[in-house]
Amino acid sequence: MFITFEGPEGAGKTTILEMVAKALENESFSYIQTREPGGIRISEAIRSVILNREHVEMDARTEALLYAASRRQHLVERVIPALENNEIVLCDRFIDSSLAYQGYARNIGIQEVWDLNQFAIQNCMPTLTLYFDIAPELGLERIAANKNREVNRLDEESILFHKRVYEGYKQVLQMFPNRIKRVDASQSMDAVFEECWKIITTHLKE
């Protein structure tokens, strides 16, 4: 299974991914955990360019292309080999982030970013996506309260941008209703984990 974790900034998806990984380990499942952009050397280098707080002049289409390039290398070097080895892949963000952030929030167009990414992923789509639904204001409050979290260029965008990301995800959910499962991320972390774990175990039994 290829499971991706999606949502706006501060939704808690990275924390829940760690909890899911521990639960899979306790159940003796073979898995890997990784992230986008990043996960491998080349993609982490691209990540450092994309998220650098000093790169405020970056063009929206340049940003979309960099994400796609990072995604391609990450897929061929990390994700696909793990899937071929019958491992469960837990990935923090994937193509849906590009559709919501660059496609909708950056006004490039969801279809345009989708088409761009088809060249990168060659139809390698997640089996299951957990979408962590949280109001932008609450997500940003969580980021501000978490002193240990790295603040990146996207965190510093205006509240209007983050609201557009949120609206973008709503569009993406409508595109893929069978793959994407919505989770109320405003709950406690334990409650969010329980909901996610129930969805994942149900899919594992299918």
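**Ground rules**

I number residues from 1 along each chain as its sequence is written, and for side-chain values I use heavy atoms, leaving out hydrogens and water. Since I am reading a predicted model, I ask for pLDDT of at least 70 for local features and count side-chain atom pairs only at pLDDT 80 or more, while totals for chains, interfaces and linings use all residues.

**Entry 1: the annotated span**

I started with the record: in an unreviewed entry, UniProt lists residues 5-195 as "domain: Thymidylate kinase-like". Its positions are in the numbering used here, feature names are shortened, and annotations may be inferred rather than shown by experiment. In the model, residues 5-195 are 55% helix and 12% strand, and the end C-alpha atoms lie 13 Å apart. My helices (H or I, at least four residues) and strands (E, at least two) are DSSP runs, numbered from the N terminus.

**Entry 2: helix α4**

Ten of the eleven are buried, so α4 is largely enclosed by the rest of the structure. Among them I noted Ile95, Leu99, Tyr101 and Gln102. What covers the buried residues? I found that the cover includes β1 (2-6), α3 (60-84), α5, β4, α7 and β5 (180-184), with contact meaning heavy atoms within 4.5 Å.

I then looked at how α4 (residues 95-105) meets α7 (residues 159-175): the two pack at an angle of about 125 degrees, with their axes 8 Å apart. Axes here are lines fitted to C-alpha atoms, for helices over the stretch in contact, and angles run from 0 to 180 degrees between N-to-C directions. α4 and α7 are therefore oblique to each other; angles under 35 degrees count as roughly parallel, over 145 as roughly antiparallel, 65 to 115 as roughly perpendicular and the rest as oblique. From α4, the contact residues include Leu99, Tyr101 and Tyr104, and from α7 they include Phe161, Val165, Tyr169 and Met175. By class, I have ten nonpolar, three polar and three charged residues in this contact. For that tally, Ala, Val, Leu, Ile, Met, Phe, Trp, Tyr, Cys and Pro count as nonpolar, Asp, Glu, Lys and Arg as charged, and the others, Gly among them, as polar.

**Entry 3: α6 against α7, and His162**

α7 has another partner to look at: helix α6 (residues 136-145), whose axis comes within 9 Å of that of α7 and crosses at roughly 120 degrees. α6 and α7 are therefore oblique to each other as well. I see Pro136, Glu137 and Leu140 of α6 touching Ile159, His162, Lys163 and Tyr166 of α7. This contact has four nonpolar, one polar and two charged residues.

Is His162 buried or exposed? At 4% relative accessibility, His162 counts as buried. Leaving aside neighbours within four places in sequence, I find His162 in contact with Glu9, Pro136, Leu140, Leu154, Asp155 and Glu157.

**Entry 4: a cis proline**

I checked the peptide bond from Glu36 to Pro37 and found it cis, with omega near -15 degrees. Pro37 sits in the loop between β2 (31-35) and α2 (41-50), and at 6% relative accessibility Pro37 is buried. Apart from neighbours within four places in sequence, Pro37 contacts Ser43, Arg47, Ile50, Tyr67 and Ser70.

**Entry 5: two asparagines with positive phi**

Asn107 follows α4 and lies in the loop between α4 and α5 (110-121). Its phi is near 65 degrees, a positive value in a residue other than glycine, and Asn107 is exposed, with a relative accessible area of 57%.

Asn123 is in the loop between α5 and β4 (128-133). I read phi of Asn123 as near 70 degrees, again positive, and Asn123 is exposed at 65%.

**Entry 6: Asp133**

To finish, I looked up Asp133 in strand β4. Asp133 is buried, with a relative accessible area of 12%. Not counting residues up to four places away in sequence, Asp133 touches Tyr166, Arg182, Val183, Asp184, Ala185 and Ser186.

Conventions. Buried means under 20% relative accessible area, exposed over 50%, partly exposed in between (1.4 Å probe, protein chains only).
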